[in-house]
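Please look over the model before reading on.

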Amino acid sequence: MTDLPGTPPPADPTEPQDAVPLEVVVVTGLSGAGKNSAGRVLEDLGFFVVDNLPPALLAPMVELGSRGDVRRFAAVVDVRSRAFSSDLAESIRSLSDTGHRPRVVYVHARDEVLVRRYESNRREHPLQGSGRLSDGIAAERALLTGIAGDADLWVDTSDLNVHQLRATLEAAFLREGAAPELTATVLSFGFKYGLPLDADLVVDARFLPNPHWVPELRPLTGRDAAVRDHVLGAPDAAEFLDRYQDVLRILVPGYRREGKKYLTLAVGCTGGKHRSVAIAEEFARRLSGDGVTASARHRDLGRE
């Protein structure tokens, strides 16, 4: 049958198709912190995941995927790729310039946690060489300083199990390929266990009366109604929440304008059991009411 004049010829399936912008996630961070576990979670969320990808191959792999049926691409990149720092930054800039949506997830943990993990697996750190394990960790932290500062999402796995890591990444990426405007995690913690390293904002709830000193409330947590009512009903609690909510209403639009997609608001009390838990739950509720995708997570609950 003869084609009508002006009718375009049928597409040749052997010819490369036009590239489509992809959602790209680069997982990097400290060795032993859980990058591979993060990669497996992303794979379950529908990402095409490549492990230990040299930075120089990131852009070609994304371009190849964009001409096929890949729409969500993730790469795990670490110091096994050696001279990766400047190459990775340049590759990410290149992806943005070509219309893709690259985001960097920086996975890290405290030094003592990394040492314990390596010793339990009887493995050497890739940068340890002839030195000590702690030397390798320090060298890697120094190497990652630049990319850590540019990361979109920090995930501290020091106190996370695999299920909590999954929940953290699902909150950020479980969306049919569309990037969330802003996802907020309100994290309660106990000051006596140390500050969360991945916090963007830190709130101190220790000015509120401590339910620990009320015998009937001591065994309960901030998730229980009696403790919640005690904390939220304390003098100055309502005014504190209202005023800090006003601050967040200023910050959130600014974060959005600057392209920030993840916010971690850490709320601390002494042990992370009563006051910080109740306040974190209330902040998450208020943020959700203001149109922010927010969830509460409790780092030290059950630790006592």
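Predicted model: local features only at pLDDT ≥ 70, side-chain atom pairs only at ≥ 80, totals over all residues.

Residues are numbered from 1 along each chain as its sequence is written, and side-chain values use heavy atoms, without hydrogens and water.

**Helix 9 and helix 10**

- Helix 9 spans residues 237-257 and helix 10 spans residues 275-289. Helices are DSSP runs of H or I with at least four residues, strands are E runs of at least two, and both are numbered from the N terminus.
- The two helices pack at an angle of about 45 degrees, with axes 11 Å apart. Axes are lines fitted to C-alpha atoms, for helices over the stretch in contact, and angles run from 0 to 180 degrees between N-to-C directions.
- The crossing of helix 9 past helix 10 is right-handed, meaning that the near helix is turned clockwise from the far one by less than a right angle.
- On the helix 9 side, the contact includes Phe240, Tyr244 and Leu248; on the helix 10 side, it includes Ile279, Phe283 and Arg286. Contact means heavy atoms within 4.5 Å.
- By class, this contact has seven nonpolar, one polar and three charged residues. Ala, Val, Leu, Ile, Met, Phe, Trp, Tyr, Cys and Pro count as nonpolar, Asp, Glu, Lys and Arg as charged, and the others, Gly among them, as polar.

- Four strands form an open, parallel sheet in the order 7-8-6-9. Strands pair if DSSP finds at least two bridges between them.
- Strand 7 (201-204) and strand 9 (293-298) each have a single partner, so one side of each lacks a neighbour in the sheet.
- The twist averages 20 degrees from one strand to the next.
- Strand 7 pairs with strand 8 (residues 262-269) over four bridges. Valine 203 stands opposite valine 267.
- Helix 9 lies across strand 7 and strand 8, at about 180 degrees to strand 7.

- Strand 4 (residues 101-108) pairs with strand 5 over four bridges. Histidine 108 stands opposite aspartate 156.
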